[in-house]
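Open the model in your viewer and keep the selection panel at hand. The tour goes stop by stop.

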Amino acid sequence: MPGITDNLNIFLIPPVLFLITGVSLGLFSLLKGKRQYENILFALICFWYSLLMPAFISHHFLKGDIPLIMKIERFIHFFYVYGPAILVLFVHTLVDKKNRLIETGAFVIASVISLFVFTDYYFYGLWEYQWGYIAKGGIVLRLFGIFAMSVIAYSLVLSVKKLKTDIDHHTRLKIKFIMFGILFIGILTIGNMPALNGIGIYPPGNFAFIPILFMAWGIFRYDAIKINHYTRQRIAGAVVKIFVTAGLLAVIPVCFWAVGSISLNDITEKIIPFGLPPLLSFFCCVFLSFLSLRMGENRPDSITFSLLMLAYSLLSIDIFLNCIITVPETGLRVSRFSHIFVVFIPPLAMHLTHIVTKRQSGRPLLFGNYLISIILLFFSQSSYYLKGMHIYTWGMFAEKAVMFDIMIIVSTLTLAYSIVILYAVYRKNDNPYYRNRFLFLLIGFASIAVLSLGNIPAMNGYDIYPPGNFIFIPSVFFAIALFKNNISEMIRFSGKFIYFIIMTAVIFTAVYILTIKHNDSFIALYTFSSILIILIFNYFLTRLRDAITGREFKKLKIAYENLSDRLCRVRNIEEIAESVTYSFFNYLSCGECAILIHEKNTGQYCGSCIINPKHDISRKIYSCDDSASINISGDNSLLAYVRSVRSLVKQDEIEYRILNNETNIELTDPLRHAAVIVPVFFENHMSALLLLGTKTDGTLYDAGEIEFLYQLGINLGPHIENAFILQSLEETLEERTRNLLESESKYRHFVENANEVIFKADLSGNFIYSNPAFQKMLEYTDEEIRTLHYLDLIPPDNREGESEFYNGQLENKIDNTSRVLPVITKSGKTLWIEQNVKSVKDDKGNIIEFDSIVHDITERKAAEDALRKSDMHYQQLMENVSDSVFIIKLDGHFKYINLAVTRLTGIPQNDLIGSHFLSIVHPDYRQKVMEFYQEQVNKGIESTYTEYPILLKNGEILWIGQTIRMNRKCRRCPPGSGGGKIPLLFKYLARNPYTAYSYSRPC
């Protein structure tokens, strides 16, 4: 097959080895432990010296296409010229030298040289040899060579001086290896001179990976190379990130080559309107590809989705370019380039489906799909796959061949397979969170199938615009399914992504103008003006980006203030754990956390691991009831390190300490697996540890979240100590209460002779004891009472309600209840009683019987009935008070409002009654107000006060202060019921338990 195998030869081996070695060493330098400045700079040196290798490799695959090779060379050298400046930083760090003037000067020289890379002053052609090509250098390239050799000589001089003064054996040996590497690189670079001057000697600079290996050995020879699971995850994420970046960077020279001869006006005319859908799809897929890596680099589904979006982005840019290109041969080469990646779309789609649905049985099918894609890859550059281009009114489209038909069949079967699997798991799963995720994935795959089928006419020669250009639509559904739980991080990344796109466009526009005017006499003025405009534009664009993305930091600040307010009201350690866990799960999207409290008796830190109910689908699903106990010994070496740091510690810091100190730590140690460790101090004593696991979407904790945790670690200590004091007082009180209960028998005769009506009942409601006052009130003897069920004393019309009420007390294990109800005496007389029932529990917390105290309120009930007749007077009083009063039903809708509300808002009573209370709340505060009253209901807070803005009828904003009391009428309704709505039902007037009252006034 021409285009691939025919161009393979022995001269490819050195640049391929160089590329693999440089990238591998760079990754290892970044991922081996804590990212020290020296390691980062060495990684950059490895990457930078490897930059030329893709150019040498492309010489063999693009042999004969001189213009394209020149564009690739220029693009790579635009970045490569900064290599000497990075070497200066690395050597300065190695020898502990700081000279900002030299460092800045090196980067300024590199920047000036980079401006000439796209002109003939740098390259003016290519020398062609048997082993490939090499550039014909202009005056600026020669100046760059002098600059590079000067930096190498400067580095050797600094290294020799360091050797003469340093006495540490390890440092001296490291410098010797690095000196040898730098010297060897310089010698090999000089060996490229014959080829640069027309002499056909293979450039020995392609073997510079050998001295780089020496340099790496000098740096890492004393490091323990222990690659654990965590490190493998980081390496996998970094490799995919580099692969995605490299694939997208390859698009730039392809675009320059494809449209380089087309004027800007022609490009603009052809983009609108047919080029806009694929262009939008390209940017959308690129954004989602990087977003997936940023928000979930440790998750298999995020990595797979990133690669899938990479393939779709290359397909979209292929279609976009073919809307502009007019030469069929060029369009065909562009399409063949994109299909190197497109052939892997079916297995990647199947792989993503398997990961999110946890399907294990289809692995052979998945491997077979990948194998078919690999086979198609070798045919993708031949006429067996794409044999030509169809020319339409809206552009060009590839003409398929037999191997492409196989690709279509595999894609169709894969999409059908994925849709069936997702539909099956969607129907079987009862969890709303995961059902919603499966639904969006299902919609995404279904829409891809529909759009792909719409491409068939264009593939077969029909002039119909392919709907597959709208691939951004299913991409959005995929993004919602995978990332909807981290909107804040998505917004921050979106700001960075848009900033990068705009700055890249500005820089390339400036470079494009310079290439047009490179022969102009005002080239220096153009260069200076371009740099100045870029700097000014960058300043204002950065400020705009910070203003937009800074809102998320404000949300975290408000969340921290809310948490601080809750912590001020806690009374024990359990309430602290509940408040902190709530914040971790809802504001930080933490997948799991543990709060370990120091026990003074044992010296251990003890607590439980709590799993977020909305934990990532790629992991095992837990519930908060499956908490695992954690105990950390006080002599744990990692614990000593955390204590000495006195600040939060990340997982990579722990791994770095283990590697460099050869610490023997068990793999199951909770400190080793925590993504973030937050120590809590009180008076120089570490009283607690907060261990946070990975986030639900696999992303790293950002700067705002780290600040949130840092402030919490500083301020949580006093709250814990205060909770210990309050908890001790409560335990003392409980102990005294138990002592009093133990002496109950001593005072039994007081019960027998008391005027209070008292009885006991078992779980079934049968009477097991009654005092004489109870027997006297109901006119029964003790023997008769013991044969009765409590429902026998209640009128038939009330029995069902009373049964449900006390069954609710039993089922919900409520300690105390109070109830007003009618009873029937033996003679048939109806009495009204107020009954207080206390649940008696055993040591395990199970209810075993009920103790009741009864008060005869028949006379009071008669008085209340008389009083109720005068409600009209009270309602008139309510209508004439100056404060705003309203009643809210269970579903949050207004049941009653007084005239003060109408006077305050300007909205008529008829318009408000029946509407939802959030309709008058300012939109920016609706979620916060909703959560505030949801928390009141969930925690059973009797009365609350809050302030928030409302919208008046004329559109003005008014801040009000509002007091709301809860109505305890609906005791059968568990917290959070109401069909998904907020169960707002409040009580203010004790005489009327069926009203919902809210008292508001302007702030």
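Select helix 33, residues 796–811. In this predicted model, helix 33 lies across strand 13, strand 14 and strand 15 (847–856). Its direction is at about 160° to strand 13.

Five strands form an open sheet in the order 12-11-15-14-13, and the pairing is antiparallel. Colour strand 12 (767–770) and strand 13 (816–824): these stand at the edges. Each has a single partner strand, so one side of each is left without a neighbour in the sheet. From one strand to the next, the twist averages 25°.

Zoom in on strand 13 and strand 14, residues 830–841. How many bridges join strand 13 to strand 14? Nine, with the two strands running antiparallel.

Is Lys861 buried or exposed? Its relative accessibility is 16%, under the 20% cut-off, so Lys861 counts as buried. Leaving aside neighbours within four places in sequence, Lys861 is in contact with Trp832 and Arg868.

Most residues other than glycine have a negative phi. Select Lys813, in the loop between helix 33 and strand 13. Its phi is positive, near 55°. Lys813 is partly exposed, with a relative accessible area of 44%. Then select Glu779, in the loop between helix 31 (772–778) and helix 32 (782–786). Glu779 is not a glycine, yet its phi is positive at about 70°. With 37% relative accessibility, Glu779 counts as partly exposed.

Move to helix 15 (residues 300–322) and helix 16 (residues 328–342). Their axes are 8 Å apart, and the packing angle is about 170°. That angle is over 145 degrees, which makes helix 15 roughly antiparallel to helix 16. Show side chains at the contact. Helix 15 brings Ala311, Leu314, Leu315, Asp318, Leu321 and Asn322. Helix 16 brings Gly331, Val334, Ser335, Ser338, His339, Phe341 and Val342. By class, the contact has seven nonpolar, five polar and one charged residues.

For the last stop, select Pro273, in the loop between helix 13 (264–271) and helix 14 (276–296). What kind of peptide bond joins Ile272 and Pro273? The bond is cis, with omega about 0°. Most peptide bonds are trans.

Key
Residues are numbered from 1 along each chain as its sequence is written. This is a predicted model: local features need pLDDT of at least 70, side-chain atom pairs count only at pLDDT 80 or more; totals for chains, interfaces and linings use all residues. Side-chain values use heavy atoms; hydrogens and water are left out. Two strands pair if DSSP finds at least two bridges between them. Helices (H or I, at least four residues) and strands (E, at least two) are DSSP runs, numbered from the N terminus. Axes are lines fitted to C-alpha atoms, for helices over the stretch in contact, and angles run from 0 to 180 degrees between N-to-C directions. Contact means heavy atoms within 4.5 Å. Angles under 35 degrees count as roughly parallel, over 145 as roughly antiparallel, 65 to 115 as roughly perpendicular and the rest as oblique. Ala, Val, Leu, Ile, Met, Phe, Trp, Tyr, Cys and Pro count as nonpolar, Asp, Glu, Lys and Arg as charged, and the others, Gly among them, as polar. Buried means under 20% relative accessible area, exposed over 50%, partly exposed in between (1.4 Å probe, protein chains only).
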